[in-house]
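Student: Could you walk me through this one, starting with the ligand and then moving on to a sheet?

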Amino acid sequence: MTAIALIGRIQAPQPIQQTRLNPSQGEWDCQNCWRVRVNLGALCVRSMAATVQQISLSSPFADQKPGTSGLRKSSKQFETPHYLESFIESSLRVLPGVAGGTLVVGGDGRYGNRRAIGVIARMAAAHGVARLITTTGGILSTPAASHLIRQNGAIGGVILSASHNPGGPEGDFGVKINGANGGPTPESITDAIFAVTQTLDGYRILEGTPELALDQPGSQQLSAMTVEVVDGVEAYVALMQKLFDFDAIGDLLRGDFPIAFDAMHAVTGPYATRILEGLLGAPAGTVRNGTPLEDFGGGHPDPNLTYAHELAELLLGSDAYRFGAACDGDGDRNMILGQRCFVNPSDSLAVLTANATLAPGYADGLAGVARSMPTSAAADVVAKDLGLPCYETPTGWKFFGNLLDAGRITLCGEESFGTGSNHIREKDGLWAVLFWLNILARRREPVAQIMAEHWNRFGRHYYSRHDYEAIASEAAHGLYKRVQEMQPALVGQAFAGRTIATADDFAYTDPVDGSLTSGQGLRLLLDDGSRVVLRLSGTGTQGATLRVYLESYVPPSGNLSQDPQAALGDLITAIDGLAEIKTRTGMDRPTVIT
Ligand code: VG1
Ligand code: CO
C-alpha cells in the first residue's frame with residue numbers, strides 16, 4: 001500500500017530552443033518535450049502537468065544489498081512495484097553531487113532496460129540532476145558507460161545490467177552504480193546505499209511527463225533536466241583508436257587472417273560491428289549474434305567454453321579461423337581463442353603485460369599490474385621480470401579503482417574473463433580483443449605460438465575454475481563454513497602429495513585508502529606454490545554458486561604441454577575429499593569448467 005502526496009508543481013523550464021513547425025498556423029514545439037505543437041512560448045498539456053511526487057513505501061525492501069557487481073535479482077523481482085525505485089532513490093541520496101550534476105544512464109539492452117531508463121530519468125529530474133546522458137535505444141556497454149562518465153565529468157552513472165546472467169522476463173536484471181571516476185562505487189558507498197534501502201519510507205519521482213524519445217541522438221527536456229541522447233558507440237570507438245594501431249590491425253584482418261567474434265546477442269554487437277567490420281575491414285559476418293536482444297536469444301551471455309561453445313567449437317575443433325573472441329552481456333568480459341588454442345584469462349593478463357609496449361597506448365610501459373586473488377599468478381611472474389609492482393585484490397573490479405586512480409597500476413585483470421586498464425575504470429571486453437589483435441598484428445605469429453613462447457620464458461600456471469551453480473543455499477554455506485572452521489588445523493597437513501603451508505580467509509587492506517575488506521575466499525596455499533581457493537559467488541540469483549579455483553605452477557624446465565584438468569587432477573581430487581563437494585552439493589561434476 002502506498003500513499004501519494006503531491007509536493008508541488010515544478011518550475012517551468014527556460015526555453016532552450018524554438019523550432020517553428022508551421023509558421024502559417026503559428027505552431028511551435030513545446031518548450032519542455034519539444035514534440036507537441038503549441039502556441040509560441042507555451043508548454044503542452046502533459047508538460048504542464050509534470051509534477052514531483054513523493055511516493056510513500058509502506059515498508060522498505062530488505063534484500064537490496066549489492067553483490068560483487070551491483071544489485072542483481074530476477075526480472076520479476078525488479079518488476080515488483082517500487083523495487084527499482086527504492087534502490088535508485090537510495091543511490092541518489094548517497095551519491096555525492098546529484099543536485100546540479102550530470103548522470104550517465106544506459107544498459108545492455110536486456111528486458112526492462114527502457115522502462116528502467118525512463119524511471120531513473122524521472123527520479124533524477126526529481127532529485128535535481130541537471131543533465132542526464134543516455135544513448136540511442138538506451139544501449140550502452142559497461143566500459144562505454146565508464147568512458148562517458150569520465151569524458152563528461154559526470155557524478156557517476158547507472159548501468160542496467162546483470163552482466164553474464166541470462167535476461168528476459170524469466171531471466172535476471174541488475175543495476176550497477178558507478179562513481180565519478182567511471183568505476184564501480186567502492187564498498188563504503190554500496191554499504192551506505194544498502195543502509196538507506198533498509199529504512200526507506202518513500203521516494204521522489206517526476207510524474208506526468210512524456211515518454212523519453214530514445215530512438216535518435218538529440219536533446220530533450222524533462223522538467224528542468226536536460227536529457228541528452230548520444231550515440232553510445234562513437235566516443236568509445238574514438239578511445240580505442242587512440243590506444244591501438246588500427247592501421248596494423250586493419251592490414252592483418254584484410255590479409256589471410258579470418259577471425260570470428262561472438263557478441264552473444266548482447267551489447268557488444270553494435271560496437272564490434274562498427275570497429276571490426278566497419279573500421280578494420282573484417283568481412284561482413286565476422287561479428288556473430290551482433291544484434292542485442294532483450295533475452296540474448298534465450299542464451300547465457302557468458303563468454304566461457306560452456307556458454308560460448310559454438311564459438312569454442314569453431315576455433316578449437318576446426319582450422320577455419322586464426323582468432324576468435326566473445327564478450328558478455330554488458331561487454332566487460334572477453335574470451336580469447338586462437339586456432340585450436342584457448343587462452344585462459346589469467347594467462348591473457350600475463351601476455352598483455354609482457355607485450356603491452358606493442359600497443360601505442362602502452363608504448364611507454366606500465367606503472368604496475370594487479371589481479372584479483374583467485375586469478376593465477378601468471379601476471380606476477382611477468383611483473384617481477386619487468387620490475388613492476390604487482391597487487392593482489394579481492395574479487396570484483398571495484399577493488400582496482402583506487403590503484404588505477406592513484407596511478408599505481410596500468411593493467412589489471414580477473415580470472416573470470418575480465419581484463420582492463422587505466423583507460424577507463426571497468427573491465428573492457430572489446431579493448432582486450434583489440435589489444436590481442438594489436439599484438440598479433442605486430443608479432444605475426446599464431447596465438448598458440450605466442451602462448452608456447454610465453455610459457456617457455458616464464459613457466460606455466462596450470463589453472464582451472466570449477467563452478468557448481470544453483471546449489472541449495474544451506475548446502476553451499478554448510479560446506480563453506482565447515483572448511484573455514486577446519487582451516488586452522490589444516491596447516492602442516494598433507495594435501496595432494498604436498499603440504500598445506502597456509503590456510504586462511506583472504507583479507508585485503510587497500511594500500512591507497514587503508515580500508516580493510518575481509519572474508520574474500522578460503523585459501524589453501526601449498527608448499528610448492530600450488531593452491532586451491534573456495535569462494536561463494538556474489539552475482540548469482542538462484543541458490544548459491546560455489547567456485548573452486550585450482551592452480552599449479554610448472555617452471556620453464558617442466559612439462560608445459562599438459563591438459564590443465566590432468567595437470568590439476570590431484571588437486572581436484574584432494575579438494576573434493578577435503579570439502580566433500582560431490583556429496584554435499586549432490587553434483588557429480590561442476591556446471592562449468594574453465
Ligand atoms: C563474478 C566474477 C568476478 C567478477 C564479477 C562481475 O563474481 O567471479 O570476477 O568481477 O562476476 O563480473 P562472483 O562473485 O560471481 O564470483 V560482471 O561481468 O558480472 O560485471
Ligand atoms: Co559483465
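**Ligand site and a sheet**

Tutor: The space taken by ligand 1 is the largest cavity, where a cavity is a set of points, on a 1 Å grid over the protein atoms alone, at which a 1.4 Å probe fits but cannot get out. This is a predicted model, in which local features need pLDDT of at least 70 and side-chain atom pairs count only at pLDDT 80 or more, while totals for chains, interfaces and linings use all residues. Residues are numbered from 1 along each chain as its sequence is written, ligands are numbered from 1 in the order in which they are written, and side-chain values use heavy atoms, with hydrogens and water left out.

Student: How many residues surround ligand 1?

Tutor: Ligand 1 is surrounded by 20 residues, and the closest are Thr68, Ser163, Ser416, Thr539 and Arg547.

Student: How far is the side chain of Arg333 from an oxygen atom of ligand 1?

Tutor: An N or O atom in the Arg333 side chain is 2.7 Å from a ligand 1 oxygen atom; for Asp328, a polar side-chain atom lies 3.1 Å from an oxygen atom of ligand 1.

Student: Now the sheet: what is the order of its four strands?

Tutor: The order in this open sheet is β20-β19-β21-β22, with mixed pairing. Its edge strands, β20 (390-393) and β22 (418-421), each pair on one side only.

Student: In which sense do β21 and β22 pair?

Tutor: Strand β21 (residues 411-414) pairs with β22 in the antiparallel sense over four bridges, and Cys412 stands opposite Gly420 in β22; two strands pair if DSSP finds at least two bridges between them.

Terms used. A residue is near a molecule or strand if one of its heavy atoms lies within 4 Å of it. A polar contact is a pair of N or O atoms within 3.5 Å; within protein, one must be able to donate a hydrogen and the other to accept it, and residues adjacent in sequence count only if both atoms are side-chain atoms. On a 1 Å grid over the protein atoms alone, a cavity is a set of points where a 1.4 Å probe fits but cannot get out, and a pocket is an open set with protein on both sides within 12 Å along at least five of seven lines; lining residues have an atom within 4 Å of a point. A molecule sits in a cavity or pocket if more than half of its atoms lie within 2 Å of its grid points. Helices (H or I, at least four residues) and strands (E, at least two) are DSSP runs, numbered from the N terminus.
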